[in-house]
Amino acid sequence: MSEYNAVVLLGPTAVGKTSLGVAIASSFGWDIISADSRQVYKGLDLGSGKDLEDYTIAGKTIPYHLIDVATLDEEYNVFKYQSDFYSLFDSFCQQKKVPFIVGGTGMYVDSIVRNYYFVPVPENLELRKELESKSLEELDEMLLKLKPDLHNKSDLVLRERVVRAIEIQLYMNNAEPVERERKVNAFIIGTTLPREILRQNITVRLKERFDKGMIDEVDNLHKSGYSWERLEKLGLEYRYISLYLEGKINSEQELFSSLNHAIHQFAKRQETWFRGMEKKGLHIHWLPSVTDKEARYNAAMELLTANGFTH
């Protein structure tokens, strides 16, 4: 019997988390709960790297959750993810099933293993009216004064996000603090690869997705009624391809080069986030940084069995 009530497998993009997670889930008879901020959306397939075919192993499909649970008509966020996850977590615990979380969106994972406290913040129409006359730069400055440790700098780019962030921070500053017991005591496994191998993986995978029709995927989303602005907000693949389709990137070659570089930078930021989680007191059990998939799988299985998980 393990002292832990959940397992997390995290790592940067293109490291092979899904295939490793499926192999582990298959061995233990677990479902997979995805922790990916874009795979929650229907229609975001190639660009989000769903790789749903990877969930089938030896003719058996591993059940998965929190993939394709929202449409682009709504803004799915970490608050919604945490809420959806806890519903699953409670259900799994009642069934005596181990919640197995696999993904690379650090904030989503962090929100459940450290039990972020979120509260629905109502719109403050009076405040919004006051902020109308301020420039984006003034709003950015105001937000940074309210929240000097702001980790998500994308909040500073779009006016509506800055206003909302100010609204939330002012509300939280005046709210009564609420202490909550952490629900999830997770055993956390991390997997990564040597930097050069990871860079190669990113480039090869991106080329495969271009060949499979990732540009068409974004084009079809726009043709089905989603604005370029909505698609650009989805980040990385969707932002760069939207810019290309809008004529703001000159060629497919330039698109590939720019996007490839951006994904490399993103992988570095993911690893920085995971190191930050460790600095905040979470213990991540890192698997050997090797390309041998069987060696990584065996190392993960040894860790899990040594910590009370049986199969």
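**Aromatic pairs and charges over rings**

Modeller: In this predicted model, the aromatic pairs number 12.

Colleague: How are phenylalanine 28 and tryptophan 30 arranged, and why is the pair counted as stacked?

Modeller: The ring centres of phenylalanine 28 and tryptophan 30 are 4.4 Å apart and the planes lie at 15 degrees, so the pair is stacked. The cut-off for that label is planes under 30 degrees apart.

Colleague: Are those two residues buried or exposed?

Modeller: Both phenylalanine 28 and tryptophan 30 are buried.

Colleague: What about tryptophan 30 and phenylalanine 309?

Modeller: Tryptophan 30 and phenylalanine 309 make an edge-to-face pair, with 5.8 Å from centre to centre and 80 degrees between the planes.

Colleague: Where do these two residues lie in the chain?

Modeller: Tryptophan 30 is in the loop between helix H1 (17-28) and strand S2 (32-34), while phenylalanine 309 is in the segment after helix H12 (293-306), so their pair ties together parts 279 residues apart in sequence.

Colleague: What is the relative accessible area of each?

Modeller: For tryptophan 30 the value is 7%, and for phenylalanine 309 it is 5%. The cut-off for buried is under 20%, so tryptophan 30 counts as buried, and so does phenylalanine 309.

Colleague: Which residues do ring pairs link into a cluster?

Modeller: The cluster linked by ring pairs consists of Tyr4, Phe28, Trp30, Phe100, Phe187 and Phe309.

Colleague: Changing topic, which ring does lysine 97 lie over?

Modeller: Lysine 97 lies over the face of phenylalanine 92, 4.6 Å from the ring centre.

Colleague: And where does the charged end of lysine 280 sit?

Modeller: The charged end of lysine 280 is over the ring of tryptophan 273, at 5.6 Å from its centre.

Terms used. Residues are numbered from 1 along each chain as its sequence is written. This is a predicted model: local features need pLDDT of at least 70, side-chain atom pairs count only at pLDDT 80 or more; totals for chains, interfaces and linings use all residues. Side-chain values use heavy atoms; hydrogens and water are left out. Rings of Phe, Tyr and Trp (its six-membered ring) pair if their centres lie within 6.5 Å; planes under 30 degrees apart count as stacked, over 60 as edge-to-face and the rest as tilted. Buried means under 20% relative accessible area, exposed over 50%, partly exposed in between (1.4 Å probe, protein chains only). Helices (H or I, at least four residues) and strands (E, at least two) are DSSP runs, numbered from the N terminus. A charge sits over a ring if NZ of Lys or CZ of Arg is within 6 Å of the ring centre and within 35 degrees of the ring normal.
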